[in-house]
Amino acid sequence: MKQRGTYMKTRVTKLLGIEHPVIQGGMQWVSKAELASAVSEAGGLGILTALTQPGPEDLVKEIRRMRAMTVKPFGVNLTLLPTLKPVPYMDYVEAMISENIRIVETAGRSPEEFMPRFLDAGITVIHKCTSVRHAVKAQKIGCAAASVDGFECAGHPGEDDIPGLVLLPLAADALSIPIIASGGFADGRGLAAALSLGADGINMGTRFLATKEAPVHDNVKKALVDADERKSALILRTLKNSARIYKNSVADEILALEGRGTITIEELAPLVSGARGRTVYETGDIEAGVWSAGMVAGLIRDIPTVRDLVTRIVREAEDIIANRLKNMIG
C-alpha cells in the first residue's frame with residue numbers, strides 16, 4: 001500500500017489541479033460554500049451550485065465567501081433544465097466570468113450556447129452526461145471533461161436507463177477527454193471500480209450529503225444512513241424528465257398520479273416544487289417535499305467529516321489496487 005501523504009494522479013487531478021480524483025456534485029440547496037470549501041480543503045474538487053443562489057449577484061457573494069474559506073481549486077455548477085419560470089442563465093455565466101472562475105460544471109441540456117464565453121474566458125468546462133452520444137457532443141463543442149452519469153444517480157438520470165457498469169467503458173471507448181464517473185459512488189471500492197472501467201475520477205452527491213459539513217438538517221443525514229438501496233423513486237418518467245429522489249410520501253403521491261395516465265408538469269408542480277425540497281433540508285421534515293437521493297444511500301453507514309470521508313475513500317481504493325487486485329495475479 002502507498003505511504004500516507006502520496007496522491008493518486010489521473011488525468012482529472014492534473015486537469016483540475018486537485019490532489020484526489022474525487023469531485024463533489026452540484027446539489028440544489030446543498031452545494032454552498034460550507035460543503036464545497038470542505039471538499040476542496042480535503043484535496044477534492046468542491047462545487048458551488050449557481051442556481052441555489054437567488055440571482056447572479058448572490059452567486060458573486062457566495063463565490064467570494066467560498067474564497068474566504070479556501071484557496072484551493074473549486075468549481076461552479078450551472079444546471080440547464082426545463083423550468084416553469086425563466087432563468088437568466090447568461091447572467092449567471094457572466095457573474096462566474098467576472099469572478100474569474102476557472103472550472104464550471106454544466107448539466108442538463110447542452111451548454112453549447114454558452115461555450116464561446118466560457119472558452120474565451122479560459123474556463124475548464126465539465127459537462128455531466130447521461131449517454132455516450134451526449135458525451136461525444138460535449139467533447140466536440142470543447143468541454144474539457146465529461147462527467148458520465150449512470151442510471152443509479154440521484155437527480156436526473158436521463159431516459160436511456162443505462163447503469164454505470166456499462167456506460168463508463170462505452171464512454172471510455174468513445175472519448176479522448178477525461179471521464180468522471182458519476183452515480184452510485186460512496187467508497188474506495190467504487191473509486192477503484194471507476195478507474196478500472198476507464199474513468200479518471202468520481203463525482204459524489206448523495207454521499208457528501210451525509211457529512212458533517214453538509215448544510216442540511218441532521219434528520220436528512222440520518223435518513224440516508226438508515227436507508228437501503230431501495231429507498232429511492234423515479235418520478236416524472238411520463239414527462240420524459242426522470243428524476244431520482246428519496247422515496248417518501250410525496251414521491252408515492254407523485255407516482256400514483258403519474259400512474260393514472262396523462263398528467264402535466266403544471267399539475268405536478270405543487271408536489272415537485274423546489275421550495276418544498278428546500279424546506280426538507282432546513283427543517284428536517286423528510287416528508288415535506290421531494291429531495292434527491294441515489295441508490296447509493298444503501299452504502300451510507302455514517303456521517304463523517306468531509307476530510308475523513310475523502311481520505312478513507314482514497315486509501316481504500318489505493319489498498320484495493322495495490323494489494324487485493326495485485327494478489328489475484330500469479
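Helix α8 (residues 188-196) is followed by G198, whose phi is positive, near 110°; helices here are DSSP runs of H or I of at least four residues and strands are runs of E of at least two, both numbered from the N terminus. The model is a predicted one, in which local features need pLDDT of at least 70 and side-chain atom pairs count only at pLDDT 80 or more, whereas totals for chains, interfaces and linings use all residues. Residues are numbered from 1 along each chain as its sequence is written, and side-chain values use heavy atoms, with hydrogens and water left out. Within α8, the buried residues are G188, G190, L191, A192 and A194, where buried denotes under 20% relative accessible area, exposed over 50% and partly exposed the range in between (1.4 Å probe, protein chains only). The cover over these residues includes β7, β8 (202-204) and α14, contact being defined as heavy atoms within 4.5 Å.

Strands β7 and β8 belong to an open sheet of eight strands, ordered β1-β8-β7-β6-β5-β4-β3-β2, with parallel pairing; two strands are taken to pair if DSSP finds at least two bridges between them. At the edges stand β1 (22-24) and β2 (46-49), each with a single partner strand, so one side of each has no neighbour in the sheet. On average, neighbouring strands are turned by 30° against each other, direction ignored. Axes are lines fitted to C-alpha atoms, for helices over the stretch in contact, and angles run from 0 to 180 degrees between N-to-C directions.

Strand β6 (residues 145-149) is largely enclosed by the rest of the structure, because five of its five residues are buried. Both faces are covered, with A145, S147 and D149 buried on one side and A146 and V148 on the other. Four bridges link β6 in the parallel sense to β5 (residues 124-129), and H127 has A146 as its bridge partner. The chain passes from β5 through helix α6 (residues 132-140) to β6 in a right-handed β-α-β crossover, meaning that, with the strands pointing away from the viewer, the path from the first strand over the helix to the second runs clockwise. Strand β7 (residues 179-182) is likewise joined to β6 by four bridges and runs parallel to it, with I179 standing opposite A146. A right-handed β-α-β unit is made by β6, helix α7 (residues 164-174) and β7.

Helix α4 (residues 89-98) lies across both strands and runs at about 170° to β3.

The largest nonpolar core comprises 80 residues, and those with the most contacts inside it are M96, F118, I202, F208, L209 and W291; such a core is a set of buried Ala, Val, Leu, Ile, Met, Phe, Trp, Tyr and Cys residues joined through side-chain atoms within 4.5 Å. Helix α14 (residues 306-324) gives the most to this core, contributing seven residues. Residues up to four places away in sequence excluded, W291 touches several residues, including L209, V220, L224, Y246 and V280. Another core, of 13 residues, lies apart from it, with I235, A243, L271 and V272 among them.

With a disulfide defined as a pair of cysteine sulfur atoms within 2.5 Å, the count is zero. For C129, the nearest cysteine sulfur is that of C143, 7.1 Å away. C129 is buried, with a relative accessible area of 2%. C153 is also in no disulfide, the nearest cysteine sulfur being that of C129 at 12 Å, and C153 counts as buried at 3% relative accessibility.
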